[in-house]
Amino acid sequence: MKKIKEYDLELYNCIEKELKRERNTLELIASENFTSTNVLNIVGSILTNKYAEGYPGQRYYGGCEAVDEVENIARYRLKKLFNAEYANVQPHSGSQANMAVYLTMLNPGDKVMGLDLAHGGHLTHGSKVNFSGQFYDFVSYGLEKKTGRVNFDNVLKIAREHKPKLIICGGSAYPRYIEFEKFREVADTVDSYLMADIAHPSGLIASGVHPSPWPFCHVATSTTHKTLRGPRGGIIIAGKDFENKWGVVAPKSGRVKMISELLDKSVMPGIQGGPLMHSIAGKAIAFKEALEPEFKIYCNNIVSNSKVLAEELKLKGYDLVSNGTDTHLVLIDLSNRDITGKLAEKKLEEAGITANKNMVPFDRKSPLVTSGIRIGTPAVTTRGMGSDEMRKIADLIDSVLSNIEDDKNISKVKSSVEELCSSFSLYSTI
Ligand SMILES: *Cc1c(COP(=O)(O)O)cnc(C)c1O
């Protein structure tokens with residue numbers, strides 16, 4: 001960084017500013033985490049220089065011997081981590097992983113079913129402002145008002161009515177386990193593919209803290225930068241029995257092709273060019289970390305922290321979607337208080353607590369205002385915080401939200417946040 005400081009002070013200052021923010025604030029955004037310095041270093045390596053369109057052993061360019069090894073290591077570790085038969089480590093992001101699966105399994109205009117964005121789904125699950133909602137005909141299922149959980153009678157009813165070719169389970173703000181087995185029953189009833197989007201809980205799944213999508217889902221996609229704690233990126237995986245049961249008729253030749261071959265082709269050349277080899281190496285090192293016994297302890301701590309936070313907030317009178325959590329995230333429903341998600345996010349940020357406004361099921365406010373706040377524990381758990389700190393964090397959040405216009409109080413909370421953060425060092429070697 002010293003050289004960057006000398007050459008480009010403008011950018012150096014931005015990075016310093018961000019480092020300071022990461023160190024001195026409470027990062028409660030459920031989709032964020034802090035990667036290891038090994039991941040940081042390898043993503044900043046010379047691997048960024050290499051073009052490697054294609055797959056190991058079948059590249060469009062020469063000189064790929066070393067990067068072939070990198071990708072093979074990444075694929076091998078990814079399969080081991082998720083007990084998968086097929087792995088693709090090339091998607092640049094979670095959204096690209098989803099796009100590649102859609103391209104493999106669907107034709108434009110085909111019917112797809114996913115969790116409503118307002119109920120915790122994701123943009124790539126059929127939002128009109130996203131390619132998914134423009135290229136495919138999405139219908140959505142929602143959560144039950146009373147329980148805040150997926151109601152499978154309702155999912156089955158919608159599936160029977162619309163006969164989707166693909167059903168997607170998983171989302172961005174669903175605090176409970178994804179019930180893969182129940183989704184599969186529905187998928188079998190209407191003869192559709194089942195894809196799990198495990199972008200959020202993938203770290204928890206890898207460590208056995210959340211149930212596995214196998215043998216129920218035909219394919220799963222994920223990010224690598226959320227609970228999995230790797231570099232920013234995406235992956236596609238499929239389980240053991242997939243190849244035997246499912247072939248896909250290739251549109252041109254009419255030949256039944258194996259799904260693994262089609263998924264690979266959908267990623268490259270279907271939607272991407274050269275893979276980001278530096279990121280793939282970063283993924284590989286994160287997979288190695290996730291295979292260590294410590295990672296399971298980490299994931300157990302994420303969930304126990306999240307449960308403590310949920311219980312404390314409930315004691316203080318907050319409504320939680322689904323009344324609690326099984327995972328790394330908690331969704332606070334502020335409808336019964338006179339605060340919007342937007343205002344809560346802003347005031348918490350002023351106090352050094354980073355979280356995001358989020359729609360809650362049956363939200364009467366717009367996506368830019370919302371009635372909810374989503375908080376998650378992956379990042380603070382990486383810093384080493386435990387249940388005592390979670391109780392403290394619940395106090396601090398409550399203090400801000402209960403005195404929302406009291407700027408003096410917000411400054412006081414900010415000092416407490418900084419004091420708490422100073423006891424949990426972050427990137428001390430940088
Ligand atoms: C985060 C997320 C994605 C996409 O991730 P990007 O890497 O930001 O494209 C996809 N699906 C779900 C459910 C997510 O939460």
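Analyst: Let us begin with a definition: a residue is called buried when its relative accessible area is under 20%, exposed when that area is over 50%, and partly exposed in between. Glutamate 350 has 32% relative accessibility, so this residue counts as partly exposed. Please keep in mind that this is a predicted model.

User: Which residue does lysine 346 form a salt bridge with?
Analyst: Lysine 346 forms a salt bridge with glutamate 350, and the closest N and O atoms of the two are 3.4 Å apart. Both residues lie in helix H14, which covers residues 341-350, and they are four residues apart, about one turn of the helix. Lysine 346 counts as partly exposed, at 46% relative accessibility.

User: And which residues are joined into one network there?
Analyst: Salt bridges that share partners join Lys346, Lys347, Glu350 and Asp407 into one network.

User: How many salt bridges are there in the whole structure?
Analyst: A search of the whole structure finds 19 salt bridges. One of them is between the side chains of aspartate 395 and lysine 316, at 2.6 Å from N to O. Aspartate 395 sits in helix H16 (residues 387-402), while lysine 316 is in the loop between helix H13 (293-315) and strand S13 (319-320), so this pair ties together parts that are 79 residues apart in sequence.

User: Are those two buried or partly exposed?
Analyst: Aspartate 395 is partly exposed, with a relative accessible area of 39%, and lysine 316 also counts as partly exposed, at 25% relative accessibility. For another pair, take aspartate 68 and arginine 59, whose side chains meet in a salt bridge at 2.7 Å, N to O; here aspartate 68 and arginine 59 are buried.

User: Changing topic, how many disulfides does the structure hold?
Analyst: The structure holds zero disulfides. Cysteine 217, for example, is in no disulfide, and the nearest cysteine sulfur, which belongs to cysteine 169, is 4.2 Å away. A pair of cysteine sulfur atoms has to be within 2.5 Å to count as a disulfide.

User: Is cysteine 217 buried or exposed?
Analyst: Cysteine 217 counts as buried, because its relative accessibility is 5%. Cysteine 14, in contrast, counts as partly exposed, at 46% relative accessibility.

User: What about strand S9, how many of its residues are buried?
Analyst: Five of the five residues of strand S9 (residues 219-223) are buried, so the strand is largely enclosed by the rest of the structure. Both of its faces are covered, with Val219, Thr221 and Thr223 on one side and Ala220 and Ser222 on the other.

User: Which strands does S9 pair with, and in which sense?
Analyst: Strand S8 (residues 193-197) pairs with S9 in the parallel sense over three bridges, and alanine 196 stands opposite alanine 220 in S9. Four bridges join S9 to strand S10 (residues 234-238), and these two strands run antiparallel. The bridge partner of threonine 221 in S10 is isoleucine 236.

User: Last one: which residues form a nonpolar patch on the surface?
Analyst: Met1, Ile4 and Ile15 form that patch, and together they have about 260 Å² of accessible area. Isoleucine 4 lies in helix H1, which covers residues 2-7, and this residue is partly exposed, with a relative accessible area of 38%.

Methods
Residues numbered from 1 in each chain as written. Predicted model: local features only at pLDDT ≥ 70, side-chain atom pairs only at ≥ 80, totals over all residues. Heavy atoms only, no water. Patch = residues over 30% accessible without salt bridge, like charges linked within 9 Å, V, L, I, M, F, W, Y side chains within 5 Å. Areas by Shrake-Rupley, 256 points an atom, 1.4 Å probe, with all protein chains shown as cover. Salt bridge = Lys/Arg side-chain N within 4 Å of Asp/Glu carboxyl O. Buried < 20%, exposed > 50% of the residue type's maximum accessible area, 1.4 Å probe, protein only. Pairing = 2+ DSSP bridges.
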